[in-house]
There are 2 protein chains.
Amino acid sequence: MKDHVKTAVREVLTNYLEQNKRRKTPERFAVLDAIFDFPSHFSLQELDEVLESRHFRVSKATLYNTIKLFMELRLVISYRAVGETRYEAAYGNVSHCQQICTICGRVNAVKSLPIIRAVEETHLRRFRKESFSLQIYGVCSSCQARITRQKNKKQL
Amino acid sequence: MKDHVKTAVREVLTNYLEQNKRRKTPERFAVLDAIFDFPSHFSLQELDEVLESRHFRVSKATLYNTIKLFMELRLVISYRAVGETRYEAAYGNVSHCQQICTICGRVNAVKSLPIIRAVEETHLRRFRKESFSLQIYGVCSSCQARITRQKNKKQL
DNA sequence: ATGTATGCAAACCATTTGCAATGAC
DNA sequence: GTCATTGCAAATGGTTTGCATACAT
């Protein structure tokens with residue numbers, strides 16, 4: 001992550017802690033730094049391992065507490081995956097569009113400006129939008145081909 | 001849920017079970033019926049309670065197995081909420097837009113024709129679109145209010 | 001008769017909680 | 001010194017698993 005982003009988020013955290021009379025613990029800054037070093041999303045487990053590798057051990061309880069704080073400051077966003085929650089540094093609003101084959105599970109990124117624009121222009125009442133995640137389900141061409149072959153085979 | 005839909009999904013299930021030499025157990029049809037009676041999303045716990053109220057007890061293990069089967073047949077879709085998985089009956093190409101609070105996890109349905117149109121008009125190469133699922137993440141008004149209150153309190 | 005499906009209870013595992021110890025102020 | 005914060009370990013709770021039993025075919 002670019003240095004000026006890390007400087008900026010450290011400042012956001014510092015300001016918040018000072019203005020709200022909360023403590024500037026080394027743990028909070030170490031976790032923030034580690035989070036903004038991830039190239040993309042991560043699990044709490046993975047965050048733990050990175051800190052471990054930096055010889056900065058932080059308990060699970062503190063990791064959960066700290067991430068919760070960062071989410072309130074919107075320095076981190078999260079989404080639930082199968083089995084665990086995944087997090088992502090929020091350096092601006094990150095959004096994703098993917099096409100997912102419901103048969104083989106293959107995932108591909110989709111780029112669609114009209115979709116992004118449509119989501120941005122959709123007004124939500126009593127809700128501050130921050131990002132979105134779109135999954136388009138269907139059948140990829142390889143699976144379509146395979147199914148067609150199987151059908152033909154059975155009809156013989 | 002309209003009767004013709006329930007008839008149709010029962011037929012989908014019956015066909016699948018017969019063609020794949022799997023058993024047409026009363027549990028599977030009772031669970032399918034209960035699922036298509038929910039007006040919207042539900043947890044496994046809630047599904048269990050509905051079946052209980054109908055004096056049709058089904059074990060948790062079977063509920064999970066059955067829902068997994070239905071998800072493969074795409075009669076059910078699911079998404080992970082905070083603390084639990086939530087499910088929803090799906091027949092035909094049902095698409096969903098939801099707003100999800102990243103702090104409390106509350107989920108609300110969103111209706112947006114422009115978004116639906118934008119997704120429909122997006123062409124995907126070598127992929128047959130069937131449905132989509134959109135999660136818009138952000139902070140709901142109650143959480144915004146709670147955070148503001150906490151800040152004010154501490155600043156006193 | 002066969003083997004799939006169910007029910008039960010234990011196991012699993014991410015997350016939360018309670019509390020004593022630490023350390024930021 | 002005070003009390004927010006941390007670390008530890010136990011508790012929680014949704015989901016999965018293993019296996020004996022039941023039952024659809």
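This is a predicted model: local features need pLDDT of at least 70, side-chain atom pairs count only at pLDDT 80 or more; totals for chains, interfaces and linings use all residues.
**Chain A as a whole**

Begin by selecting chain A and colouring it by secondary structure. Next, colour chain A by burial: 20% of its 156 residues are buried. Among contacts between residues at least 6 apart in sequence, 58% link residues at least 24 apart.

**Two loop residues of chain A**

Select A:Lys21, which sits in the loop between helix 1 (3-19) and helix 2 of chain A. The phi angle of A:Lys21 is positive, about 50°, although the residue is not a glycine. Is A:Lys21 buried or exposed? A:Lys21 counts as exposed because it has 9 C-beta neighbours inside 10 Å.

Move on to A:Arg74, in the loop between helix 4 and strand 2 (76-81) of chain A. A:Arg74 is likewise not a glycine and has a positive phi, near 60°. With 17 other C-beta atoms within 10 Å, A:Arg74 is partly exposed.

**From chain A to chain B**

**A helix pair in chain B**

To see the contact itself, show the side chains of B:Lys6, B:Val9, B:Arg10 and B:Leu13 in helix 1 of chain B, which meet B:Arg28, B:Phe29, B:Leu32 and B:Asp33 in helix 2 of chain B. By class, the residues of this contact comprise four nonpolar, no polar and four charged.

**The surface near DNA strand C**

Bring chain A back and select DNA strand C with its surroundings. Which residues come nearest to DNA strand C? Of the 24 residues around DNA strand C, the nearest are A:Thr85, B:Arg22, B:Ser59, B:Ala61 and B:Thr62. Two or more residues of this surface come from each of helix 4 and strand 3 (84-89) of chain A, and helix 2 and helix 4 of chain B. Helix 4 of chain B gives the most to the surface near DNA strand C, with five residues. Coloured by class, the surface near DNA strand C shows six nonpolar, eight polar and 10 charged residues.

**The surface near DNA strand D**

Finish with DNA strand D, which has 23 residues around it. Those that come nearest to DNA strand D are A:Arg22, A:Ser59, A:Ala61, A:Thr62 and B:Thr85. Helix 2 (26-35) and helix 4 (60-72) of chain A each supply at least two residues of this surface, as do helix 4 (60-72) and strand 3 (84-89) of chain B. Which element gives the most to the surface near DNA strand D? Helix 4 of chain A does, with four residues. By class, the surface near DNA strand D holds six nonpolar, eight polar and nine charged residues.

Technical notes. Residues are numbered from 1 along each chain as its sequence is written. Chains are lettered from A and ligands numbered from 1 in the order in which they are written. Two residues are in contact if their C-beta atoms, placed from the backbone, lie within 7 Å. Ala, Val, Leu, Ile, Met, Phe, Trp, Tyr, Cys and Pro count as nonpolar, Asp, Glu, Lys and Arg as charged, and the others, Gly among them, as polar. A residue is near a molecule or strand if its C-beta atom, placed from the backbone, lies within 6 Å of it. A residue is buried if 20 or more other C-beta atoms lie within 10 Å of its own, exposed if 12 or fewer, and partly exposed in between; C-beta atoms are placed from the backbone.
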